[in-house]
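Subject: Structure handover, pockets and core

Hello,

Here is the structure we talked about. Please open it alongside these notes on its pockets, cavity, core and aromatic pairs.

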Amino acid sequence: MSQHTNNSANKHIKPLLQLGGSASAEQIADFFCANAQADYISHAELQGGRALAPGVWQPNLRALLIEEVRQIAAQRQQQDFSAEVVCAHCGTELAGIAFLSYGGSTRAYAVLDDFLIAPQWRGLGVAQQFLEALAARLAAEGRTRVFLESGIGNHQAHRFFERQGFHVTSQVMMREL
């Protein structure tokens, strides 16, 4: 998940966050690649093929993400979609992205698969506004829980999510074969 850093130069700005808006698959992939450092990698990136190993992204990550976003967009057109990408804009600038998936036979929960905020918008409340807007929308849709997992070394993100009410419910382990 996104690292939450202090951006004191912009503390006087009160960002106006807007969910939705348009961003192409290429823009979303570029945003992801620019903002997800190696410590972002968790088991989902390893299982899903985005990463070669802990701390090592696939060399063709951008192309993989473009295809993934296009597949999500195509599937999103169906009545019974199971994933989506939500963009957050501050003015005309893409400030954050969230990849969500929905599970369970009753679709009672959501998984925040990815959550990234651009560095210039960190420390300004954008991440919190974005997360709260997502949570409100998910609750309005009848979902009762949201899960996420984060790279083991992504400590700033862990602290951010804990401040937002998330807590550890399991520990994922891996063994190379």
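Four elements each supply at least two residues to the lining of the largest pocket: α2 (43-47), α4 (126-140), β7 (145-148) and α5 (155-163). Helices (H or I, at least four residues) and strands (E, at least two) are DSSP runs, numbered from the N terminus. This is a predicted model, where local features need pLDDT of at least 70, side-chain atom pairs count only at pLDDT 80 or more, and totals for chains, interfaces and linings use all residues. Residues are numbered from 1 along each chain as its sequence is written, and side-chain values use heavy atoms, with hydrogens and water left out.

The lining of the largest pocket has 36 residues. Nearest the centre are L148, E149, S150, V168 and S170. A pocket here is an open set of points on a 1 Å grid over the protein atoms alone, with protein on both sides within 12 Å along at least five of seven lines; a cavity is a set where a 1.4 Å probe fits but cannot get out; lining residues have an atom within 4 Å of a point. The space in the largest pocket is about 1,200 Å³. Volume means the space filled by probe spheres set on the points, which are joined across faces, edges and corners. By class, this lining has 17 nonpolar, 14 polar and 5 charged residues. Ala, Val, Leu, Ile, Met, Phe, Trp, Tyr, Cys and Pro count as nonpolar, Asp, Glu, Lys and Arg as charged, and the others, Gly among them, as polar.

The second largest pocket holds about 280 Å³. It has 16 lining residues, with A44, G48, R50, E68 and D114 closest to the centre. Two or more residues come from each of α2, α3 (61-76), β4 (83-90), β5 (93-103) and β6 (109-117).

Which residues line the largest cavity? They are L100, L112, L131, L134, A135, L138 and V146. Helix α4 gives the largest share, 4 residues. The lining has 7 nonpolar residues, with no polar and no charged ones.

Now the core. The largest nonpolar core has 46 residues, and F32, I97 and F115 touch the most other members. A nonpolar core is a set of buried Ala, Val, Leu, Ile, Met, Phe, Trp, Tyr and Cys residues joined through side-chain atoms within 4.5 Å. Buried means under 20% relative accessible area (1.4 Å probe, protein chains only). Strand β5 gives this core its largest share, 7 residues. Leaving out residues up to four places away in sequence, I97 touches I28, F31, F32, V86, C87, D114, F115, L116 and F130 (contact: heavy atoms within 4.5 Å).

Last, the aromatics. The whole structure has 10 aromatic pairs. Rings of Phe, Tyr and Trp (its six-membered ring) pair if their centres lie within 6.5 Å; planes over 60 degrees apart count as edge-to-face, under 30 as stacked and the rest as tilted. F32 and Y40 are edge-to-face, because their planes lie at 85 degrees, with ring centres 5.6 Å apart. Both are buried. F115 and F161 are also edge-to-face, with centres 5.8 Å apart and planes at 65 degrees. That pair links strand β6 to helix α5, 46 residues apart. F115 has a relative accessible area of 0%, and F161 has 2%. One aromatic cluster is formed by F115, F130, F160, F161 and F166.

Best wishes

Technical notes
Buried means under 20% relative accessible area, exposed over 50%, partly exposed in between (1.4 Å probe, protein chains only).
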